Amino acid sequence: MFKKIVVPIDISHVDRLQKALRVAGSLAQAHNASICYIGVTTPMPSSVAHTPKEFEAKLAAFAEQEAKKYTINTESHMIVSQDPAVQKDRELEKAITTLGADLVVMATHVPNVTDYIWSGHGAHLAAHSDISVMLVRE
């Protein structure tokens with residue numbers, strides 16, 4: 001049913017993504033699909049990495065770790081964004097299309113009052129994507 005699953009992750013908060021990561025890993029195993037983990041960074045140093053190259057290496061190492069954990073094929077895709085707060089939704093949409101994904105699995109938060117004004121990233125993808133989007137509440 002699914003061939004390529006995309007999982008947007010925030011490397012600095014992997015501990016909060018465990019349920020979504022398990023769901024994605026299980027789906028990949030069940031459907032013999034691959035997973036591409038997408039991470040967004042800026043060109044400036046951050047708490048995760050000093051450079052985009054360092055970020056890319058950490059993202060690739062994470063993908064390799066998940067491949068071993070679930071015995072699946074994985075890859076990683078880094079997005080360098082000048083302003084992730086503003087551009088992340090559109091950049092994720094573009095990456096999902098470019099990568100040829102047929103499912104997005106991502107963690108989501110419990111909705112709060114601001115979600116009625118500004119949708120979260122998962123809600124945006126679900127509303128603007130041509131593929132299935134599974135939001136996993138942690």
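Student: Is T71 buried or exposed?
Tutor: T71 counts as exposed, because its relative accessibility is 72% and exposed means over 50%. Please keep in mind that this is a predicted model.

Student: Where is T71 found?
Tutor: T71 is in the loop between α2 and β3, and β3 covers 74-80.

Student: What is the phi of T71?
Tutor: The phi of T71 is positive, about 55 degrees, although T71 is not a glycine. Most residues other than glycine have a negative phi.

Student: What about N32, what is its phi near?
Tutor: N32 has a phi near 50 degrees, which is again a positive value in a residue other than glycine. N32 is placed in the loop between α1 and β2. With a relative accessible area of 71%, N32 is exposed.

Student: Let us step back. How many helices and strands does the protein chain have?
Tutor: The protein chain has four helices and five strands. Read from the N terminus on, the elements follow the order β-α-β-α-β-α-β-α-β.

Student: How much of the protein chain do buried residues make up?
Tutor: Of the 138 residues in the protein chain, 40% are buried.

Student: And what share of the contacts comes from residues 24 or more positions apart?
Tutor: Such residues account for 74% of the contacts in the protein chain with a separation of 6 or more.

Student: Now the helices. At what angle do the axes of α1 and α2 cross?
Tutor: The axes of α1, residues 18-31, and α2 cross at roughly 60 degrees and come within 10 Å. That angle makes α1 oblique to α2. The crossing of the two helices is right-handed.

Student: Which residues make the contact?
Tutor: From α1 the contact uses Q18, L21, R22, G25, S26 and Q29, and from α2 it uses F62, E66, K69 and Y70. By type, the residues of this contact are three nonpolar, four polar and three charged.

Student: How many aromatic pairs are there?
Tutor: The count comes to one aromatic pair. The pair is formed by Y37 and F62, whose ring centres are 5.2 Å apart. Their planes stand at 85 degrees, so the pair is edge-to-face, given that angles over 60 count that way.

Student: Which parts does the pair tie together?
Tutor: Y37 is in strand β2, residues 34-41, and F62 is in helix α2, residues 52-70, so the pair ties together parts that are 25 residues apart in sequence.

Student: Are Y37 and F62 buried or exposed?
Tutor: Y37 has 0% relative accessibility and counts as buried. F62 has 8% relative accessibility and counts as buried.

Student: What else lies in strand β2?
Tutor: T41 is one of the residues in strand β2. T41 is buried, with a relative accessible area of 6%. Leaving aside neighbours within four places in sequence, T41 is in contact with P52, F55, M78, I79, V80 and S81.

Student: Last topic: where does M134 lie?
Tutor: M134 lies in strand β5, which covers residues 132-137. At 33% relative accessibility, M134 counts as partly exposed.

Student: How far apart are M134 and V104 in space?
Tutor: M134 and V104 are 6.0 Å apart from C-alpha to C-alpha, while 30 residues apart in sequence.

Student: What is M134 in contact with?
Tutor: If neighbours within four places in sequence are left aside, M134 is in contact with V23, L27, L103, V104, V105 and M106.

Notes. Residues are numbered from 1 along each chain as its sequence is written. This is a predicted model: local features need pLDDT of at least 70, side-chain atom pairs count only at pLDDT 80 or more; totals for chains, interfaces and linings use all residues. Side-chain values use heavy atoms; hydrogens and water are left out. Rings of Phe, Tyr and Trp (its six-membered ring) pair if their centres lie within 6.5 Å; planes under 30 degrees apart count as stacked, over 60 as edge-to-face and the rest as tilted. Buried means under 20% relative accessible area, exposed over 50%, partly exposed in between (1.4 Å probe, protein chains only). Axes are lines fitted to C-alpha atoms, for helices over the stretch in contact, and angles run from 0 to 180 degrees between N-to-C directions. Angles under 35 degrees count as roughly parallel, over 145 as roughly antiparallel, 65 to 115 as roughly perpendicular and the rest as oblique. A crossing is left-handed if the near helix is turned anticlockwise from the far one by less than a right angle, and right-handed if clockwise. Contact means heavy atoms within 4.5 Å. Ala, Val, Leu, Ile, Met, Phe, Trp, Tyr, Cys and Pro count as nonpolar, Asp, Glu, Lys and Arg as charged, and the others, Gly among them, as polar.
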